[in-house]
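Reader: Hi, I'm new to reading structures. Can we go through this one together, piece by piece?

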Amino acid sequence: MDIKRVKDYIYWLYYQYLLITCSYVLEPWEQSMFHTITVTVVAMVVYTAYVFVPIHVRLALEFFSQIFGGQPESTVSIMN
Amino acid sequence: MANPSAVCNGHLHHHHQKQNNLLKSGICKKNGITKGMKKNGVSNGTLYKKTFIEHFEQAPMYVAVLTFLGFGVGTVFGYLRDFMRAWGLEKRNIATEREEQKDFVPLYQDFENFYTRNLYMRIRDNWNRPICSVPGPQFDLMERVTDDYNWTFRFTGRTIKNVINMGSYNYLGFAETDVNALKTVTIELQKYGTGVCSTRQEMGTLDKHVEIEKLVAKFLGVEDAMVFGMGFATNSMNIPALVGKGCLILSDELNHTSLVLGARLSGATIRIFKHNNMQSLENLLRDAIIYGQPRSHRAWRKIIILVEGIYSMEGSIVRLPEIVSLKKKYKAYLYLDEAHSIGAVGATGRGVVEYFGMSPDDVDVLMGTFTKSFGAAGGYLAGKKELVDFLRTHSHSAVYATSMCPAVAEQIIRAMKCLMGLDGTTQGLQRVRQLGRNTRYFRRRLHEMGFIIYGNDDSPVVPLLLYMPGKIGAFARRMLEKNIGVVVVGFPATPITESRARFCVSAAHTREMLDTVLNALDELGDFLRLKYSRYSKSSHPELYEETSHELED
């Protein structure tokens with residue numbers, strides 16, 4: 001029973017995605033093309049975020065803590 | 001909303017009261033966006049004798065963004081398909097130029113054709129559905145399927161029976177096949193046949209036309225009237241007879257195509273004022289009188305204001321008292337197109353003039369159609385006798401168009417007599433009251449469910465906003481699966497971001513039918529996520545008890 005509800009919910013989410021992006025009106029081969037492009041773009045965004053965001057956040061935190069903390073740290077240790 | 005204290009001869013005697021306290025409670029009652037009461041000065045508070053509440057709520061911003069996104073996707077795929085069609089990768093199904101004309105100016109490249117080919121075609125199965133019964137509160141549809149994505153259709157031979165009809169303009173339920181009701185129509189059909197075979201000015205004026213014109217004049221309370229065979233042609237063929245070059249037409253932004261066509265055909269100067277916006281109209285009137293005609297600065301020969309009683313895409317009612325006071329102040333003429341409001345609003349069904357408690361002498365030209373509330377076809381123009389006599393000689397319709405079929409005229413006569421009570425029953429008044437009850441119930445329930453509905457609380461035309469292009473097709477198809485027929489409208493009949501489903505409530509709908517439709521809408525609204533309104537309260541169980549009190553009217 002629960003599996004059916006989960007499946008229905010996932011189908012409903014997929015249907016909402018189809019309606020919002022107006023891919024509901026497209027023919028099946030156009031839909032496949034659109035889904036491929038969307039999934040590719042989303043995957044690239046996720047990958048870029050995974051690779052770049054933690055490093056930049058860490059650098060930013062260290063930069064700001066240096067300004068507000070004021071402790072003279074050697075700059076050598078930061079440039080890895 | 002009407003208190004039938006005295007009903008005699010089909011006319012309701014209004015007691016003019018200042019209902020200022022009611023006006024104030026009207027504003028506080030709904031915490032939605034209410035337009036209608038001007039806050040400056042008391043003068044407008046006395047113009048309206050009852051509350052005038054209209055809703056034009058705006059959807060949240062993300063809805064507009066997603067709508068544009070949807071149209072963007074559709075456009076990109078449209079370009080892709082056009083490219084494939086141009087390079088022969090796909091079969092061409094729509095009209096294109098011939099090989100020899102490839103170097104000529106292109107015929108099919110403008111946006112409207114692009115839109116039709118690539119966006120409208122994909123959801124085309126929701127329009128032009130053939131019906132095969134009388135368009136009463138329920139009707140039968142012919143089932144059709146498509147094998148190549150809506151380019152061609154074929155009929156399976158099956159009919160879908162008893163689909164609830166929420167799209168026909170059948171406000172008073174006169175589109176019926178009951179033999180008793182149509183007795184006089186059958187007699188006239190056997191007496192006159194179907195064709196008139198002539199125009200009004202040659203040999204097409206029958207005694208039926210004289211009878212119906214007298215009856216229409218009596219119904220509206222004016223001196224004389226003239227009837228025409230087609231409602232659209234009434235507007236487009238008669239406005240050129242009334243105005244010409246050197247005249248000024250002030251027309252509402254959202255006027256119907258027939259009015260726009262008539263105005264353009266006349267050759268007069270046309271200026272547009274914002275929809276139902278009296279400041280905009282007053283500014284235009286002042287500029288017209290102060291500056292006169294464009295280059296010579298002479299006074300305009302005449303200034304005419306074109307408005308409609310109920311606007312069919314918005315469901316809004318015209319602000320007639322303010323327009324009449326403006327027209328008297330600036331000495332302009334008023335042309336009121338009551339296509340959707342005659343028979344549908346007003347305490348005895350006499351249109352917006354009665355709805356606001358005004359006298360029909362205030363409006364110079366009263367126009368209306370018999371298609372909507374009377375179950376027939378045709379239109380009328382009514383007013384002072386000199387006006388109608390002028391039109392009998394100078395109207396293009398009178399000179400060139402075939403006159404109304406006598407059987408259709410008899411249907412109008414019997415419907416009008418029923419409305420006025422001249423057939424000895426109170427059926428007409430009951431229908432008008434039933435329509436009012438149905439309208440109020442339907443609108444109230446939709447507001448409570450959380451949909452965005454446009455228009456005045458008393459108008460039987462109910463537009464429900466859908467916004468996103470993907471939802472237009474999904475909504476119409478799913479409603480048909482639930483055996484309810486609705487009309488959905490998108491661009492270009494509406495602005496591009498505001499596509500809607502338009503419901504026409506009828507007096508012939510029973511409470512059960514409306515409840516079926518409302519439950520289906522509730523379910524579908526949750527499934528498709530259409531409940532955008534930010535001002536509604538969620539439905540409580542007490543609601544159902546409230547409706548049972550309503551039934552004991």
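Reader: How many helices and strands are in chain B?
Author: Chain B has 17 helices and 17 strands. Helices (H or I, at least four residues) and strands (E, at least two) are DSSP runs, numbered from the N terminus. Keep in mind that this is a predicted model, where local features need pLDDT of at least 70, side-chain atom pairs count only at pLDDT 80 or more, and totals for chains, interfaces and linings use all residues. Residues are numbered from 1 along each chain as its sequence is written, chains are lettered from A and ligands numbered from 1 in the order in which they are written, and side-chain values use heavy atoms, with hydrogens and water left out.

Reader: What share of chain B is buried?
Author: Of its 553 residues, 52% are buried. Buried means under 20% relative accessible area, exposed over 50%, and partly exposed in between (1.4 Å probe, protein chains only).

Reader: Which domains does chain B have?
Author: Domain 1 is 74–122, domain 2 is 132–165 + 427–528, and domain 3 is 179–420. The bounds come from an automatic or database domain assignment.

Reader: How many residues of domain 2 of chain B are in contact with domain 3?
Author: 19 residues of domain 2 of chain B are in contact with 18 residues of domain 3 of chain B. Contact means heavy atoms within 4.5 Å. The centres of these two domains, taken over C-alpha atoms, are separated by 28 Å. About 1400 Å² is buried between domain 2 and domain 3 of chain B, and carbon and sulfur atoms give 61% of that. Buried area is the accessible area (1.4 Å probe) that two parts lose on being put together, summed over both.

Reader: Switching to chain A. Which residues of α1(A) are buried?
Author: They are A:W12, A:Y15, A:Q16, A:L18 and A:L19. They cover an arc of only 155° around the axis, which puts them on the same side of α1(A). The arc is that of the directions from the helix axis to the C-beta atoms.

Reader: And what is exposed on the other side?
Author: A:D2, A:I3, A:K7 and A:I10 are exposed there.

Reader: Why do residues a few places apart point the same way?
Author: An α-helix has 3.6 residues a turn, so residues three or four places apart point the same way.

Reader: What covers the buried side of α1(A)?
Author: The cover includes α2 (28–69) of chain A, plus α15 (469–481) and α16 (511–528) of chain B.

Reader: Then what covers the buried residues of α15(B)?
Author: Among the elements covering them are α1 of chain A and, from chain B, α2 (61–86), β15, β16 (487–489), β17 (500–504) and α16. The buried residues of α15(B) include B:P469, B:F475 and B:M479. After α15(B) comes B:N483, with a positive phi near 70°.

Reader: OK, sheets. What is the strand order in the open sheet of 3 strands?
Author: The order is β4-β5-β15 (chain B), and the pairing is mixed. The edge strands are β4 (138–145) and β15 (484–485) of chain B, each of which pairs on one side only. Two strands pair if DSSP finds at least two bridges between them.

Reader: How many bridges join β5 to β15(B)?
Author: There are 2 bridges between β5 (residues 154–165) of chain B and β15(B), and the strands run parallel. B:I164 has B:I484 as its bridge partner in β15(B).

Reader: Is β10(B) enclosed or open?
Author: Strand β10 (residues 333–337) of chain B is largely enclosed by the rest of the structure, because 4 of its 5 residues are buried. β9 (residues 303–308) of chain B runs parallel to β10(B), with 5 bridges joining them.

Reader: Which residues does B:L285 touch?
Author: Not counting residues up to four places away in sequence, B:L285 touches B:L250, B:I303, B:L326, B:Y330 and B:A332. B:L285 sits in helix α8 (residues 278–291) of chain B. It counts as buried, at 0% relative accessibility.

Reader: Which peptide bond is cis?
Author: The one from B:F491 to B:P492 is cis, with omega near 0°. B:P492 is in the loop between β16 and β17 of chain B.
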